[in-house]
6 protein chains.
Amino acid sequence: MPTFRVELFEGRTVEQKRQFVEAITKATCESLKVEPGSVDIILVDVKKEDWATGGRLWSDAG
Amino acid sequence: MPTFRVELFEGRTVEQKRQFVEAITKATCESLKVEPGSVDIILVDVKKEDWATGGRLWSDAG
Amino acid sequence: MPTFRVELFEGRTVEQKRQFVEAITKATCESLKVEPGSVDIILVDVKKEDWATGGRLWSDAG
Amino acid sequence: MPTFRVELFEGRTVEQKRQFVEAITKATCESLKVEPGSVDIILVDVKKEDWATGGRLWSDAG
Amino acid sequence: MPTFRVELFEGRTVEQKRQFVEAITKATCESLKVEPGSVDIILVDVKKEDWATGGRLWSDAG
Amino acid sequence: MPTFRVELFEGRTVEQKRQFVEAITKATCESLKVEPGSVDIILVDVKKEDWATGGRLWSDAG
């Protein structure tokens with residue numbers, strides 16, 4: 001029952017998300033020996049103004 | 001201090017959310033013997049294109 | 001597909017958890033009109049030394 | 001590698017977020033003795049209709 | 001900067017986790033066109049008594 | 001009502017956690033103009049074998 005929550009910068013197309021969840025699910029099934037139907041993935045689009053590394057918002061990165 | 005984070009498909013009305021948090025809080029207080037004021041619930045609306053099961057986005061489910 | 005993550009202080013028995021997830025699932029199905037099988041709940045036991053309110057660890061609350 | 005996820009009511013300006021992540025990162029580095037570059041912070045804006053305390057949505061608080 | 005949090009039933013060996021994070025990171029880099037160093041994965045082991053589907057704890061599943 | 005979830009490597013003492021939550025709460029109150037009592041912080045200790053960057057578990061980092 002692996003359940004993924006993935007935070008990533010916003011801006012991916014639906015086609016990119018489609019390929020991503022297919023690839024992640026396949027990789028999970030192969031490495032953990034689980035069935036595809038048991039894999040849930042939730043994508044969380046994050047704005048660059050809502051993510052900071054080293055104390056600086058990514059929207060401020062030059 | 002139970003704190004809930006609930007991910008659900010977007011599209012609920014405020015009235016549905018209102019009834020949902022009332023029902024969840026009541027069920028929590030009765031089963032865990034806590035005070036209502038100690039129950040926090042955060043709802044997270046998820047688009048169907050951001051949730052996949054079995055490697056397929058729910059927006060692609062026919 | 002509501003998916004719950006619930007953080008609560010450690011110390012509940014399995015029987016309390018059993019009653020809690022039954023009550024939450026029932027309340028969810030009634031208020032959101034979903035099927036029980038679509039409700040997932042993950043419980044996260046938190047130590048009092050790992051939860052702070054107002055800048056004070058709950059393990060320090062007199 | 002402390003990674004923060006902070007849920008807060010929506011409505012902060014980018015300048016407020018900027019000051020907030022700077023302050024949190026500084027406080028983290030001083031108290032945990034880590035390097036700024038190892039601190040990640042993700043902010044999650046929550047609508048008042050998506051947060052309930054005591055069974056009542058904050059959008060209903062008078 | 002994709003950041004994963006993956007909840008899965010406890011009981012995997014370190015070798016299984018090692019293969020899993022390698023596979024997930026590779027799949028992420030190929031499908032999202034990001035660098036490996038930007039991929040963080042946090043694994044969360046969940047006991048069967050802490051996960052319920054359909055109102056029943058997995059530790060109770062016969 | 002800022003609510004923090006902070007994932008960090010296990011191994012901090014209670015005294016370090018105490019200083020950390022004090023510092024984070026103070027920084028939050030000053031930068032966001034909120035009351036201390038509205039700040040909740042949950043710490044999540046993560047084992048090095050449960051955190052990967054760049055496809056490698058931190059427990060494998062030489």
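## Cavities

On a 1 Å grid over the protein atoms alone, a cavity is a set of points where a 1.4 Å probe fits but cannot get out. Grid points are joined across faces, edges and corners, and the volume is the space filled by probe spheres set on the points. This is a predicted model, in which local features need pLDDT of at least 70 and side-chain atom pairs count only at pLDDT 80 or more, while totals for chains, interfaces and linings use all residues. Residues are numbered from 1 along each chain as its sequence is written, chains are lettered from A and ligands numbered from 1 in the order in which they are written, and side-chain values use heavy atoms, with hydrogens and water left out.

The structure has four cavities of 30 Å³ or more.

## The largest cavity

The volume of the largest cavity is about 270 Å³. Its lining, meaning residues with an atom within 4 Å of a point, has 22 residues, and the closest to the centre are A:R5, A:E7, C:R5, D:R5 and E:R5. Strand β1 (3-9) gives two or more residues to this lining in each of chains A, B, C, D, E and F. Strands here are DSSP runs of E with at least two residues, and helices are runs of H or I with at least four, numbered from the N terminus.

By class, the lining of the largest cavity holds ten charged, eight nonpolar and four polar residues. Ala, Val, Leu, Ile, Met, Phe, Trp, Tyr, Cys and Pro count as nonpolar, Asp, Glu, Lys and Arg as charged, and the others, Gly among them, as polar.

## The second largest cavity

This cavity has a volume of about 130 Å³. Among its lining residues are B:I42, F:I42, C:E7 and D:E7. At least two lining residues come from β1 in each of chains B, C, D and F. The lining divides into six charged, four nonpolar and two polar residues.

## Chains D and F

The size of an interface is often given as the accessible area lost when the parts come together. Between chain D and chain F the buried area (1.4 Å probe, summed over both parts) is about 2000 Å², and carbon and sulfur atoms give 70% of that area. The contact (heavy atoms within 4.5 Å) takes 23 residues from chain D and 23 residues from chain F.

On the side of chain D that touches chain F, β1, α1 (14-32) and β3 (51-53) each supply at least two residues. The largest share, nine residues, comes from α1(D). This side has 14 nonpolar, six polar and three charged residues.

Note on methods. 1 Å grid on protein atoms, 1.4 Å probe; cavity = no way out; pocket = protein on both sides within 12 Å on 5 of 7 lines; lining within 4 Å. Buried area = accessible area lost by both parts, 1.4 Å probe.
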